[in-house]
Structures are given as structure tokens and as C-alpha cells.
Amino acid sequence: MSTFLVIGASSGIGQALAQQLVAEGHRVVGTWNSHAQSVGGIEWHPLNILDEQADFSFLPETLDGIAYCPGAIQLKPFGRTKPEDFRADYELQVIGAVRAIQAALPALKKSGNASVVLFSSVAVQSGFGFHSIVSASKGAIEGMARALAAELAPAVRVNVVAPSLTDTPLASQILSNDERRAANAQKHPLRRVGEAADIASAAKYLLGKESAWVTGQVLHVDGGMGALR
Ligand SMILES: NC(=O)c1ccc[n+]([C@@H]2O[C@H](COP(=O)([O-])OP(=O)(O)OC[C@H]3O[C@@H](n4cnc5c(N)ncnc54)[C@H](OP(=O)(O)O)[C@@H]3O)[C@@H](O)[C@H]2O)c1
């Protein structure tokens with residue numbers, strides 16, 4: 001049994017990941033921000049990662065892995081973006097991850113085979129219109145992950161999962177009706193959008209011992225969207 005921290009276990013991919021880890025008998029510490037949780041099997045704690053004084057005293061002494069799941073999809077024509085849009089997105093997606101990893105690092109270093117999993121997006125490998133805000137943050141995450149993988153080896157592995165459009169509350173506006181869902185499915189070589197479980201399985205692999213010799217990688221879980229034409 002390993003001990004994992006899932007930041008953002010109350011929705012979407014983080015929720016699916018926490019459930020998969022619990023089903024395999026692991027100890028899971030999960031956080032929620034705006035949707036209070038009490039589902040059994042997970043040790044729940046409230047956490048707003050934007051809070052500079054966030055209290056991490058709930059962290060276990062030893063952690064075998066952490067997944068940082070908060071994210072955003074702000075799509076806008078570049079001409080309508082404001083510097084504040086980029087700053088706010090970066091604060092949640094990148095600075096939030098920095099805060100979480102720094103808080104968890106002492107516990108991760110005690111593990112012997114610890115793993116950090118971050119989330120990027122298909123919109124880093126491929127360019128899509130209106131994606132400048134999210135692609136800037138996610139590109140930063142990929143770069144930071146490689147740097148951290150080098151700096152923290154061999155004690156801590158650091159990898160990234162890069163999903164394409166996945167059916168979670170975060171994507172609910174994009175997938176708001178059957179027509180939109182079908183159109184988005186059609187854009188993917190595998191002819192469907194992702195399910196939270198598709199992405200969670202990849203994150204679970206990168207968190208666990210099965211990936212013990214994998215670090216500094218970006219795993220594209222995107223229905224073929226990033227690589228195929
Ligand atoms: N869904 C997609 O299409 C898609 C595509 C590419 C990449 N991704 C990436 O995959 C990751 C997971 O996305 P998702 O779709 O599962 O998102 P989601 O359904 O919105 O879930 C995000 C989780 O993060 C938590 N969270 C949000 N803001 C927070 C804050 N300020 N402090 C602490 N926790 C916070 C949420 O908690 P509460 O719900 O309690 O507020 C929730 O548990 C993100 O990095 C996202 O960018 C998703």
C-alpha cells in the first residue's frame with residue numbers, strides 16, 4: 001500500500017484518480033476547494049491553492065506521490081486577452097503546482113520511490129486558435145516538470161499527462177450539448193472525447209511503481225489528437 005496526495009480530488013480527473021487508487025488499496029489524501037466532500041475511503045481536507053498561507057499541516061509524514069489536478073480552460077481570441085487573464089491562469093496552474101510540490105517535498109523525499117504527476121494539454125504539442133492562455137500555462141508546466149525531474153532525481157520522479165478534451169465539469173461548456181459533443185468526438189482519430197477514467201489511468205501509472213524507471217516524460221492521452229492526421 002502506498003500513500004498518495006491528490007490535490008483536487010473533488011471533481012473530474014482527480015476524482016477518478018482518487019477512486020482508482022482507493023480501489024487498489026492505497027491510502028489517499030484528497031483535497032477539495034469549492035465542492036465539499038466526505039465520500040468514504042479518502043481522507044478529505046479543504047484546500048484553496050491560491051491562498052498563500054494555505055495550511056498543509058494535514059500532509060502525512062511520508063508520501064509516495066502527488067497529483068496536482070486544478071486547471072482551467074479559458075478560450076479567447078488573443079486580441080481580447082488581458083495580461084490579468086494570463087497571470088490568473090499561471091497562478092492556478094503553475095504557481096499552485098509549485099506551492100503544492102514544495103509543501104509535499106519533505107514527505108516525498110522520505111518515500112524512496114516518490115512520484116509527482118502534473119497535467120498539461122494537447123494544446124501544447126499542437127497549436128489551436130483561442131488557446132493562448134491555457135497553452136502558455138501548460139507549456140510552463142511541461143518545462144518545469146522536466147527541470148524538476150532532473151533536479152529531484154533519483155529520489156522523486158516527475159512526469160506530465162497531456163490530455164485532449166475530456167468529459168469533466170471543467171469541459172462542461174465545450175461539451176454542453178449532443179451536437180458539440182459529436183463534433184468534438186469527430187475531431188479525434190479515436191472518434192470520442194476522453195473520459196476522466198482514461199486520463200486517471202495514465203496518472204495512476206505514472207504515480208505508481210509500474211513507472212519506476214520513467215521520469216521527465218509527457219504522456220499524451222488524447223485519442224490520437226496530438227500525433228495523428
Ligand atoms: N477536462 C479537460 O478537457 C482537460 C483537457 C486538458 C487538460 N486538462 C487538465 O486536467 C486537469 C484536471 O482537469 P479536470 O477536467 O478534472 O478539472 P475539474 O473537473 O475542474 O477538477 C479540478 C479539481 O481541482 C480543484 N481546484 C480548482 N481550483 C482549485 C484551487 N484554487 N485550489 C485547490 N483546488 C482547486 C477542484 O476542486 P473543487 O471542485 O472542489 O473546487 C477540482 O477538484 C487540469 O489541470 C486540466 O487543465 C483537462
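**Around the ligand**

Guide: Of the 32 residues around the ligand, the ones that come nearest are Ser 10, Ser 11, Ile 13, Ser 34 and Thr 168. Keep in mind that this is a predicted model.

Start with the make-up of the shell. Around the ligand it has 17 nonpolar residues, 14 polar ones and one charged residue. Two helices each supply at least two residues of this shell: helix H1 (12–23) and helix H2 (83–109).

A polar backbone atom of Thr 166 is 2.8 Å from an oxygen atom of the ligand. For Pro 70, a backbone N or O atom lies 3.4 Å from a ligand oxygen atom. For Cys 69, a polar backbone atom is 3.5 Å from an oxygen atom of the ligand. How much of the ligand does the protein cover? On its own, the ligand has 900 Å² of accessible area, and the protein covers 92% of that.

Now step back to the space itself. The ligand takes up the largest pocket. About 1,100 Å³ of space lies in that pocket. The lining of the pocket is made of 47 residues. Closest to the pocket's centre are Gly 71, Ala 72, Ile 73, Thr 168 and Leu 170.

Which elements build the lining? Those that give two or more residues are H1, strand S2 (27–32), helix H3 (122–125), helix H4 (132–152) and helix H5 (178–187). H1 gives the most, with three residues. H1 also supplies at least two residues of the shell around the ligand.

First, a general rule. Most residues other than glycine have a negative phi, and most peptide bonds are trans. Phe 130 is not a glycine, yet its phi is positive, about 70°. Phe 130 lies in the loop between H3 and H4. The other detail is a cis peptide bond, which joins Ala 153 and Pro 154. Omega there is about 0°. Pro 154 lies in the loop between H4 and strand S6 (156–163).

Terms used: Residues numbered from 1 in each chain as written. Predicted model: local features only at pLDDT ≥ 70, side-chain atom pairs only at ≥ 80, totals over all residues. Heavy atoms only, no water. Near = heavy atom within 4 Å. Polar contact = N/O pair within 3.5 Å; in protein donor to acceptor, adjacent residues only side chain to side chain. Areas by Shrake-Rupley, 256 points an atom, 1.4 Å probe, with all protein chains shown as cover. 1 Å grid on protein atoms, 1.4 Å probe; cavity = no way out; pocket = protein on both sides within 12 Å on 5 of 7 lines; lining within 4 Å. Sits in = over half its atoms within 2 Å of the grid points. Helix = DSSP H or I, 4+ residues; strand = E, 2+ residues; numbered from the N terminus. Nonpolar A, V, L, I, M, F, W, Y, C, P; charged D, E, K, R; others polar. Points joined across faces, edges and corners; volume = space filled by probe spheres on them.
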